[in-house]
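Me: I would like to learn how to read a fold from its coordinates. Please take me through one case.

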Amino acid sequence: MAHDTPTPVDFWFDPTCPWAWMTSRWVLEVAERRPLDIRWHIMSLTVLNEGRADLDERWHRNLALRMEPVRVCAAAERAYGPGVLGRLYTELGNRFHLEKAPKDRVTYAEALAAAGLDPALADAAGSDAYDTAVRASHHDGIGRVGTDVGTPVIAVGDVAFFGPVVTPTPRGEAAVKLWDGVLAVAETDGFFELKRTRTRDPIFA
């Protein structure tokens, strides 16, 4: 694609996922150097992992909690439109991943206010009124890549992938170099997978 033509990028995220956060910051880094048309969408690790018998009770409790900020994002999208998701994601992610703030109503309300949105939307965290919308967005993303993946899901034009999963977030020319690699595989007919086992935790610095 020509560098002067915005590349459409659809990005599905769960705001609680540290790996999605790493990748989202990389995409924003690229957007400072290449014209991208980024469209943010919600997905849910809770929905992705529901019904799994191999997860213990502690994990299921954690997954239930993870649904709360996703619902808040869905409520904000319904109230203001999808254009607000990017800045709300940034405010939630800064609090969850950098400040280690708890997943609770106070944190959600602070993030909403910082994003210029109604903090009362934090009430959506405890309501299932937005779950249909969450599931629809989640399945839209997952349906493009299959079920044996996680978050994030990125679609470049008509081609979607899980990932890239990377840490720390590439910056500067390193970010653009990785982006060019993603474009290369997206343009390769029949390309499906390139993977190795993770050997480090997310590095947020």
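Predicted model: local features only at pLDDT ≥ 70, side-chain atom pairs only at ≥ 80, totals over all residues.

Me: Which helices and strands make up the chain, and in what pattern along the sequence?

Reply: Count the elements, then read their order. The chain has seven helices and four strands. In sequence order the pattern is β-α-β-α-α-α-α-α-β-β-α.

Me: Why is the radius of gyration of the chain said to agree with a compact globule?

Reply: The value is set against what a compact globule of equal length would have. For 205 residues that is near 17 Å, and the chain has 17 Å, so the two agree. The C-alpha trace spans about 45 × 40 × 30 Å along its principal axes.

Me: What share of residues is buried, and what share of contacts joins residues at least 24 apart?

Reply: Buried means under 20% relative accessible area. By that cut-off, 48% of the 205 residues are buried. Of the contacts between residues at least 6 apart in sequence, 72% join residues at least 24 apart. The accessible surface comes to about 10,500 Å², with 51% of that belonging to carbon and sulfur atoms.

Me: How far apart are the mean positions of the positive and negative charges?

Reply: There are 23 positive and 29 negative charges, and their mean positions are 5 Å apart.

Definitions and conventions. Residues numbered from 1 in each chain as written. Heavy atoms only, no water. Helix = DSSP H or I, 4+ residues; strand = E, 2+ residues; numbered from the N terminus. Rg over C-alpha atoms; globule rule 2.2 N^0.38 Å. Buried < 20%, exposed > 50% of the residue type's maximum accessible area, 1.4 Å probe, protein only. Contact = heavy atoms within 4.5 Å. Areas by Shrake-Rupley, 256 points an atom, 1.4 Å probe, with all protein chains shown as cover. Lys, Arg positive; Asp, Glu negative; His and termini not counted. Charge placed at Lys NZ, Arg CZ, Asp CG, Glu CD.
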